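Dear colleague,

Please find below the structure that I am handing over to you.

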There are 4 protein chains.
Amino acid sequence: MIIKVKAGQAHIIDELQRRFGDSHDVFVHNNRVAVQGIDESDLNSEERAAADEIIDNPPAAVQGSRLFHPEDTIVETAHSQIGGDNFTMMAGPCSVESAEHVMKMAAVAKEGGATVLRGGAFKPRTSPYSFQGLGEDGLKFLRAAADAYDLDVLTEVMDQDHVDMIAQYTDIFQIGARNMQNFSLLKAVGKTNIPVMLKRGMSATIDDILNASEYIAAGGNHQIIITERGIRTFDNKYTRNTLDLGAVPVLQKLTHYPVIVDPSHAAGHTEFVIPEALAGVAIGASGLVVEIHDDPAHAFSDGAQALKPNEYLEMTQKAAAIREALNMPVHEKSEVEL
Amino acid sequence: MIIKVKAGQAHIIDELQRRFGDSHDVFVHNNRVAVQGIDESDLNSEERAAADEIIDNPPAAVQGSRLFHPEDTIVETAHSQIGGDNFTMMAGPCSVESAEHVMKMAAVAKEGGATVLRGGAFKPRTSPYSFQGLGEDGLKFLRAAADAYDLDVLTEVMDQDHVDMIAQYTDIFQIGARNMQNFSLLKAVGKTNIPVMLKRGMSATIDDILNASEYIAAGGNHQIIITERGIRTFDNKYTRNTLDLGAVPVLQKLTHYPVIVDPSHAAGHTEFVIPEALAGVAIGASGLVVEIHDDPAHAFSDGAQALKPNEYLEMTQKAAAIREALNMPVHEKSEVEL
Amino acid sequence: MIIKVKAGQAHIIDELQRRFGDSHDVFVHNNRVAVQGIDESDLNSEERAAADEIIDNPPAAVQGSRLFHPEDTIVETAHSQIGGDNFTMMAGPCSVESAEHVMKMAAVAKEGGATVLRGGAFKPRTSPYSFQGLGEDGLKFLRAAADAYDLDVLTEVMDQDHVDMIAQYTDIFQIGARNMQNFSLLKAVGKTNIPVMLKRGMSATIDDILNASEYIAAGGNHQIIITERGIRTFDNKYTRNTLDLGAVPVLQKLTHYPVIVDPSHAAGHTEFVIPEALAGVAIGASGLVVEIHDDPAHAFSDGAQALKPNEYLEMTQKAAAIREALNMPVHEKSEVEL
Amino acid sequence: MIIKVKAGQAHIIDELQRRFGDSHDVFVHNNRVAVQGIDESDLNSEERAAADEIIDNPPAAVQGSRLFHPEDTIVETAHSQIGGDNFTMMAGPCSVESAEHVMKMAAVAKEGGATVLRGGAFKPRTSPYSFQGLGEDGLKFLRAAADAYDLDVLTEVMDQDHVDMIAQYTDIFQIGARNMQNFSLLKAVGKTNIPVMLKRGMSATIDDILNASEYIAAGGNHQIIITERGIRTFDNKYTRNTLDLGAVPVLQKLTHYPVIVDPSHAAGHTEFVIPEALAGVAIGASGLVVEIHDDPAHAFSDGAQALKPNEYLEMTQKAAAIREALNMPVHEKSEVEL
C-alpha cells in the first residue's frame, strides 16, 4: 500500500515507520510512504485522516514505480546526467582490446558527443571457449581512455565477487541481459553507490525487468538505468533480436528510472543499427548505447554489429536532429581537441 | 536463377522466354530475367556469354526481390504516390460507423496531411458475435467521404468473392494480418490492377510476408505495399503486439515494395501510438496508417487504440518535423477548406 | 449469459428464445440456454426463479464451451467415432501424388489401425511456385483409396469456393493453420454438415482457436475437431515448430470438441515424429494425424517429416500400448486383407 | 575438430595433447580427441594417418556432444543412477518450509518411488520482497529428511559464494532457469565433483543450454543433467510456460547427458501437471522432477502447481505403466516402512 500524506502531517510518516518498520518493508519518498503487505484496514483512523490518497495494490516493484516516486530520476555521474530531459550518448568497443585501441575509440565516442565510454573487460560469452575479455587490465585501459577524454566508464560486471574491484574503475555498472535475474549479483550492486545500467533479459517481460531493478533498489541504490536491447522472438533470421521499442514509453510510464536503447545488440548487423538507433531517439529514449569499432572485421567480439567511426558520427548527428525537431533538449557537444 | 543480360543482348531475353517459358515460371524486368527452378548448367554457351551476372538461388519471392527489381516500386493512386522518397499518411476510423461519422473523420485525416482514408466495412473479428461491419453500405459512405476530400480509399477485403464488389469503391485493397496466408484471397487480388496493402501476419517471418506478396505478384499485380503492424510475442501485457520496427529496414533491403507502419494495432493503447508512429517515421517507413476517432470510448471497434483528432494532428506535425530533420522529403499538405 | 434451467421448467427455454431471439444470439443445449450480450438484470423474476444456475461472462466462444455443453462431443463419420473415450488414428501422404501411390498408402494406414486417410489435393504452399496439389483429380484418387480400405477421407479445403466440390469427396474437411482465422472459409464449412478438423494457427492462443471454432458452430455445424500442430517460437533450429502438448488438457477442459495431435508438422523431422506422437497419446489426445510415405526422399511435399511404413506401424503399436497402460480404451484394429 | 584415433594408435592421443595442449583446449574421451580451433590442415601426416575419422566443425559445446562422447552419461549418486536406461523420480516441496514438513514430504516422495528429494532453501523470487527461503537451516532439514528415507538431495544454488556451503548438504546442485547463463555460477559448480541439474532458461535455445552445460564441463565436472521446464511463448494464459517436449529427443540426439522433464513449472497449475508429466515419460525422458505439497493452498511458494500426495502417487503409477508398456526399464520401488 502507498499512503500519500497530506501537507503538514509529516509526523504520520514517522508514525508509519515506527508502527510497521520492524515487521514490513517500509519505504519513504517525500510525502509518500509504501508499506509492503498491508492494506487500508491496517491503518488507524488518524493515519487514514492524514492521507491525501491511498493506493492499494501497487506493483511489487514499488520503489521503482511512478506511483511511489512520480518525478524522473536523473542519474548523475562525473560527466553525465542521465534521464529527465537529458539525452546521453554511450559508445565504445564491445570488448576492450588494448590500451591503444580503446583510447582511439574513446576519441571517436567523444567526437560524436558521447559522455560515456562503454567497453567489456569481462565478457559473458555463450561458449566457454570464446574470448572472455582482458579482465582487470582491460579495466585499466578503459579507465585511462575515459579519463583522457573526460568520459564516464560503463562496463559489465558478471560476478558479484568482482563488484569491489570493478568499482575502482567504473562510473556505471552494466548488468547484462543474461544476468538480469541473477539476484545475487543484483543485490551486490545494490549495496554500492555506483549507478547500474540494467539490460532487459531476452525473454523478460516489462514486470520482470521492473522487479529485477527493485532488487537493486532494495539494497539502497536508486541510481538505475534500464536498457531495452531486443527480445527473443521467432523473427531472428535477419536481425539478432527484435528491438521492442514499444517497451520504452511503457517503461517511462511505469517507472521513474531513465530508459535507454541499445540498437547494436538488437540489430546484430551494422546496416540496421542506425535506423534502429534513430527510432529509439524518436520514441523518446533518454539515450543510446552503441558499439563502435574502426575495423569491425577484426574485432575481438561482435564485429558484425559495430558501427565504424563515420557511421557512428552520422548517427549522432541524425539523433541530434531528431531531438531538435521534436523540441527535445539537445546538449552541446563538449569541446575537446582530438 | 536470375540472369542480368548485357546491354545490346536483348534478344537473349526473348530466347530465354522461348526456351523456358512453357515449362518454368519466367519473369522479366528490364534487363533481368528470372527463371524458376533452373541453374547455370541449364544455360547454353550463348546465353552464358550474354550474361553480365548470374544470380543462383534467388529468394523464392523473386519478383518482389531487389535482386530482380533493384529500384523502388512507387504505388500510384489518384491522390498518392507511395514509396520511393514519398511519405504517405493514411488515417481513418477502424470501422465505418455512418455516413456522417466517416465524413467527419475524412476531414480530420485530410487536415493532418493524409492522402488515404482508411475504414473497415467488413471486419475480421475474433468472435463471430462481434460487430462485423456495415458491408457495402459502409463502402458507399467511405467512398463519398474520400471523394469529398480528394482522398484515396483503403479498405479491407476478407473474402475473395467480395473482390469485384469492393473494387468498385476502393483505391487500395487491404489484406489483414489474419489473411496474410489466405492464398486464395491473395490470388484473387493479384488478378486485379488495384494496389494491395498486405499486413504482416502475427507470426509471419520476413520471408513469409515476402512469399505472401509473391502470390499477388504472380497474378500480375505489382502494386503492393507491405505493412508492419506488430508481431505476437510473450510481451503483451502493456501493448497489444510487439512492433517489430527492425523489420522495416530489413524489408527495404530485400524488396522494392514500399513498407509502411501501423502503430495503432501494434500499440493497442492510444498513449503508445504516437511514440511508436514517430519511431516508424525515424526508421524510414514510407508511411503510416493510423486509426482515428473523435469519441474513442464509443467507437464500434478498437476504440482503445484510436487517436483523437488533436492527437492525430500532433502526430502528423511531429512526423513531418522528423522527416525534415532527416532530410527526407516532406510533402506539402494539400489545401482544402474544412 | 448462460441459464441452466431447472427440471420441469422447459417452457422457460421457449420463453427466453421468444424474448431475446430476435435481438440477440440465443443457443440452446439440453437445459442450458446461452443468450449473448445480456446479464442477469435483463431476466425477469420468473426466469430467474426457473434457473438452477446463472453463469455470467461465459467465454465468447460459448457454443464450444463446457459451460454450455458439458459432455464430450463425439464426431461420427462412416468409419470413425472421434472424441470421448475413442482414439482415432489418421494417416496418409502429405500430398496425393497418384492414384496408385495413395492406394498403397491407404493400405499402410489401415494396417496401423487408422480409420481416416489424410491427403492433400489443394496444398497451401508458402511459395506460389511450389507444387500446389493435384486438385480434383487428387480428390478422386483419395476417395477411391479410402473406399478400397473402408476409411474416411480427410482433406484440406483452402478456398470457400471449393467447399461444395470437395464435399463430394471428403468425410472431414481440414482447415489448415494458415487459414485458422480465414473467417469466410470458416463460415462456409460451418454451413455444411460435414465434420471439420481445425488446425491451430502458428501463433493462435487457446482463446483464438476456440473463437475460430465458434465461427463454424455459429453456422450450425458442431462436428468440430481441434488439432494441436505446433506453434511458432524462437526454438526452431531442430524442430519445425514447438509442439504445445500442454494445450491438449487445457483445451479438453475448456471445450467439448475432440482434440487431436499432429506430430508431423510440429517435429518436421521423421526422427522426432514418433516421440512427439507418443507424448500426444500419453497426454490424452483423442487421436493422431500423421504423414506417411514409402519413399520420403521423393515425396512431392514435406518428405522430411513423413514416417516410413515400418516407422508408422511401430508408432501405432506403441500408441496402443500406452493407451492400454493408462486404461484408455484401445479399439480393435478392423480386419482387412492387405 | 574431433579426431577419432584408430585402435593401436593411442600414442597419437598423447602427441596431440603435447602439440596443441598449451595453445588450445584439448579434450580426450576414450579414442576421441577434440582440439578446439584447429582444422585438418593443422594435422601432420602421421596424425592424419592415425585417424579413423575426422569431424570438422563440431559444436562449440564439444564435450557435451555425442560426436565426442557417443555413449550415454549416467550420473551416479548414493541412491540414484540417472540416465541411460534408468528412470529417476525426483519430488519434494517447492520450498523447504520446516523440518517436520519436509520430512513428511520425503515420505510421500519415497512412497512414489522417488530416489531424489527436491526442495528449495534459497529461492530465486521475482520480487525482492517475496519469501527468499530458509537458507542453511532449510538445507539441514532437507538433508535430515532425505537421510531418513535414503534419498538424494537436490537443491538450488543461486550464488557462487554458497557453493561450498551447499555442497555439504546436497547430492545434486540445481541451477535454475534464471541462472542458466550465469557463467560465474556455472564455473563454480563446474569445479566441484557434485552432479549438477541445469534447467533450461525461459528463452534458451537448444544450443544455448548445451553451451551453458559446457561451462560446467569445462571446469572438469561431467555429472550433468539437463532439464526441460517450459519456455516462454505467447501462449501463457492457461499454462505458466510452454513445455517444449520436442526438445527432449532433440537433446538426447545431440548430447550424452540425461534429459529430464519438470512438468510443474511448465504447467503452473496442478490439473495440467500430471498429463504433462506422462507425456514427458512417453517421449522418453530419463526422469521427472515434480513439486508436491500436502496443503498447496498454504504452500510458501508455487502452491498452484504442487501435486497433492494422492495425485503424485497416481502420477508415479501411470508413469511406471507407460515405461512398462514401452519396454523401458521400470525400477523396483525400494521397500520402506512409512
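Predicted model: local features only at pLDDT ≥ 70, side-chain atom pairs only at ≥ 80, totals over all residues.

I begin with chain C, where four strands form an open sheet in the order β2-β3-β1-β4, with antiparallel pairing. Its edges are β2 (26–29) and β4 (51–55) of chain C, each of which pairs on one side only. From one strand to the next, the twist averages 15°. On one face of the description stands helix α1 (residues 10–20) of chain C, which packs on the sheet and touches β1, β2 and β3 (32–35) of chain C. The direction of helix α1 of chain C makes about 165° with that of β2(C). Within the sheet, strand β1 (residues 2–5) of chain C is joined to β4(C) by four bridges in the antiparallel sense. As for individual residues, Ile3(C) has Ile54(C) in β4(C) as its bridge partner.

In chain A, the domain assignment gives domain 1 (2–55) and domain 2 (75–325). The centres of these two domains of chain A, taken over C-alpha atoms, are separated by 37 Å.

The last point concerns Asp208(D), which lies in helix α7 (residues 206–218) of chain D. Asp208(D) counts as buried because its relative accessible area is 9%, under the 20% cut-off. Its side chain makes a polar contact of 2.5 Å with the side chain of Arg232(A). Leaving aside residues up to four places away in sequence, Asp208(D) touches Thr126(A) and Arg232(A), together with Met180(D), Gln181(D) and Ser203(D).

With kind regards

Methods. Residues numbered from 1 in each chain as written. Chains lettered and ligands numbered in written order. Heavy atoms only, no water. Helix = DSSP H or I, 4+ residues; strand = E, 2+ residues; numbered from the N terminus. Buried < 20%, exposed > 50% of the residue type's maximum accessible area, 1.4 Å probe, protein only. Polar contact = N/O pair within 3.5 Å; in protein donor to acceptor, adjacent residues only side chain to side chain. Contact = heavy atoms within 4.5 Å. Domains from an automatic or database assignment. Pairing = 2+ DSSP bridges. Axes fitted to C-alpha atoms, helices over the stretch in contact; angles between N-to-C directions.
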